[in-house]
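Here are some exercises to work through with the model open beside you. Try each task before reading its solution.

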Amino acid sequence: PSSAFAVDFSRFGASLDPELLGGVAVVAWTVDLSLDMKELLPLVGTSCQMSKVNDNKSFRKYIDLLATLERWVSPGSGLRSVASQLADKPFLIPLDLSRVSWAEPNFHKRLNMFIRCMGTDAMAG
């Protein structure tokens with residue numbers, strides 16, 4: 001990858017060298033880009049298969065970004081990772097709940113279903 005983002009991510013990966021971290025242990029990682037759940041929760045169905053979240057253009061772009069990061073960290077096929085120190089670390093998906101009404105009917109059910117589906121291939125397409 002040669003885009004500016006790819007170059008920056010490669011630099012980030014290089015900064016994770018244990019010698020540079022001064023004893024700090026990396027236990028997980030994330031990106032500073034969250035999903036706006038106000039737009040997505042109404043699209044969550046009663047099951048992953050019934051969900052319309054994949055119809056949301058922003059969600060598809062977010063999933064594409066996550067897939068790209070995953071390929072850079074764990075490329076497979078003998079290719080070199082740009083951040084091998086992250087390969088065995090969990091990726092945390094930030095969710096923006098600031099604009100969602102917690103009193104909205106079915107809020108908790110939809111949020112739980114969304115999180116469950118994010119852990120499957122159903123939303124990854």
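**Exercise 1.** How many residues does helix 3 have, and what distance does it reach from its first C-alpha to its last?

*Solution.* A word on the ground rules: this is a predicted model, where local features need pLDDT of at least 70, side-chain atom pairs count only at pLDDT 80 or more, and totals for chains, interfaces and linings use all residues. Residues are numbered from 1 along each chain as its sequence is written, and side-chain values use heavy atoms, with hydrogens and water left out.

Step 1: helices (H or I, at least four residues) and strands (E, at least two) are DSSP runs, numbered from the N terminus. Helix 3 has 17 residues.

**Exercise 2.** Find which residues of helix 3 are buried, and what they pack against.

*Solution.* Step 1: apply the accessibility classes (relative accessible area under 20% is buried, over 50% exposed, in between partly exposed; 1.4 Å probe, protein chains only). In helix 3, F59, Y62, I63, L66, T68, L69, W72 and V73 are buried.
Step 2: look for contacts (heavy atoms within 4.5 Å). The buried residues of helix 3 pack against helix 1, strand 1, helix 2 and helix 4.

**Exercise 3.** Which members of the largest nonpolar core touch the most other members?

*Solution.* Step 1: a nonpolar core joins buried Ala, Val, Leu, Ile, Met, Phe, Trp, Tyr and Cys residues through side-chain atoms within 4.5 Å.
Step 1: the largest such core has 30 residues, and F9, M37, F59 and F114 touch the most other members.
Step 2: helix 1 (4-14), helix 2 (37-40), helix 3 (57-73) and helix 4 (107-118) each supply at least two residues, with helix 3 giving the most, seven.

**Exercise 4.** Identify the salt bridges that R99 makes with D36 and E39.

*Solution.* Step 1: a salt bridge puts a side-chain nitrogen of Lys or Arg within 4 Å of a carboxyl oxygen of Asp or Glu. The count comes to four.
Step 1: D36 and R99 pair at 2.7 Å, N to O. D36 is in strand 1 and R99 in the loop between strand 2 and helix 4, 63 residues apart.
Step 2: E39 and R99 pair at 3.1 Å. Because E39 lies in helix 2 and R99 in that loop, this pair ties together parts 60 residues apart in sequence.
Step 3: R99 is partly exposed, at 43%, and E39 is too, at 44%.

Technical notes: The expected span of a helix is 1.5 Å times one less than its number of residues.
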